[in-house]
Amino acid sequence: MTDYQTSAVHRPRQRAMRAHYDRETVHGILDAAYVAHVAFMGEAGPVAMPMFYVRDGESVLLHGSRTSRFMRVLSAGAPLCVTVTLIDGLVLARSAFHHSMNYRSVMLHGQGRVLPAAEKPDALALFIERVERGRSKLARSANAQELKATEVLRVPLVEVVAKVRSGGPLDDAEDMGLPVWAGVIPVELRLGAPIEG
């Protein structure tokens, strides 16, 4: 897979060695997570909304009510920033300064494009498939009124970068003898047993 040609303005400068621009890393993180924080400038100032999303090839799909502030602003072409983060571990160091987290994240800058009405049913089915494979064939599809009430935005994966931190604490040599436990406490995202509703 080829690398994304992310422009310099969107490339990380802090800990730049943790940045990844390859499609395999970016797609893997997006496909493993469920919640994105979508930031934009609203009428009253900056807004960051947590929301469910789905990757569709070389883009991310977002959906919501046509009448919501979110969709009114972003369907008009306002710039946005989408961030996704997976926490893999808490890194406990011997010094307070070197505590950290192991994580995998993606940051995407761009603009959303409103999907035409004809593309909405297939796009919404992708959201259901993301919850459980095969479920879009079982659940009732959105009716005409529900489709009209829902807007779907496509944000292309162009200005995108992944950032990954792994490994143990990076303590200073003079702290290695301190009588303080240091290491990594793993953190996992897992699905539990279904509860019938």
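# A guided tour of the predicted model

The accessible surface of the protein comes to about 11900 Å², and carbon and sulfur atoms contribute 58% of that area. The model shown is predicted.

**Whole chain.** Begin with the entire protein in a cartoon view. The C-alpha atoms fill a box of roughly 65 × 45 × 40 Å along the principal axes. Colouring by secondary structure brings out 4 helices and 11 strands. Of the 197 residues in the protein, 36% are buried. Among contacts in the protein with a separation of 6 or more, 72% join residues 24 or more positions apart.

**Charged side chains.** Next, select the charged side chains. The protein carries 23 positive and 21 negative side chains. The centres of these two sets lie 5 Å apart.

**Strand 2 and Ala36.** Now select strand 2, which spans residues 35–42, and centre the view on Ala36, found in this strand. Ala36 counts as buried because its relative accessibility is 0%, and the cut-off for a buried residue is under 20%. To display its surroundings, leave out residues up to four places away in sequence; Ala36 then touches Met49, Pro50, Met51, Tyr53, Val82, Thr83 and Val84. Met107 is 71 residues from Ala36 along the chain, and the C-alpha atoms of the two are separated by 9.6 Å.

**Phe40 and Phe70.** Remain in strand 2 and move to Phe40, then select Phe70 in helix 2, residues 69–75. The model contains 2 aromatic pairs, counting rings whose centres lie within 6.5 Å. How are the rings of Phe40 and Phe70 arranged? Their centres are 5.8 Å apart and their planes stand at 75°, so the pair is edge-to-face; planes over 60 degrees apart fall into that class.

**Arginines over tyrosine rings.** For the last stops, show the side chains of two tyrosines with an arginine over each ring. Select Tyr4 together with Arg23: the charged end of Arg23 sits over the Tyr4 ring, 4.1 Å from its centre. Then select Tyr34 and Arg130. Here Arg130 lies over the face of Tyr34, at 4.1 Å from the ring centre.

Conventions: Residues are numbered from 1 along each chain as its sequence is written. This is a predicted model: local features need pLDDT of at least 70, side-chain atom pairs count only at pLDDT 80 or more; totals for chains, interfaces and linings use all residues. Side-chain values use heavy atoms; hydrogens and water are left out. Rings of Phe, Tyr and Trp (its six-membered ring) pair if their centres lie within 6.5 Å; planes under 30 degrees apart count as stacked, over 60 as edge-to-face and the rest as tilted. Helices (H or I, at least four residues) and strands (E, at least two) are DSSP runs, numbered from the N terminus. A charge sits over a ring if NZ of Lys or CZ of Arg is within 6 Å of the ring centre and within 35 degrees of the ring normal. Buried means under 20% relative accessible area, exposed over 50%, partly exposed in between (1.4 Å probe, protein chains only). Contact means heavy atoms within 4.5 Å. Accessible areas come from the Shrake-Rupley method with a 1.4 Å probe; for residues, only the protein chains shown count as cover. Lys and Arg count as positive and Asp and Glu as negative; His and the chain ends are not counted. The place of a charge is taken as NZ of Lys, CZ of Arg, CG of Asp or CD of Glu.
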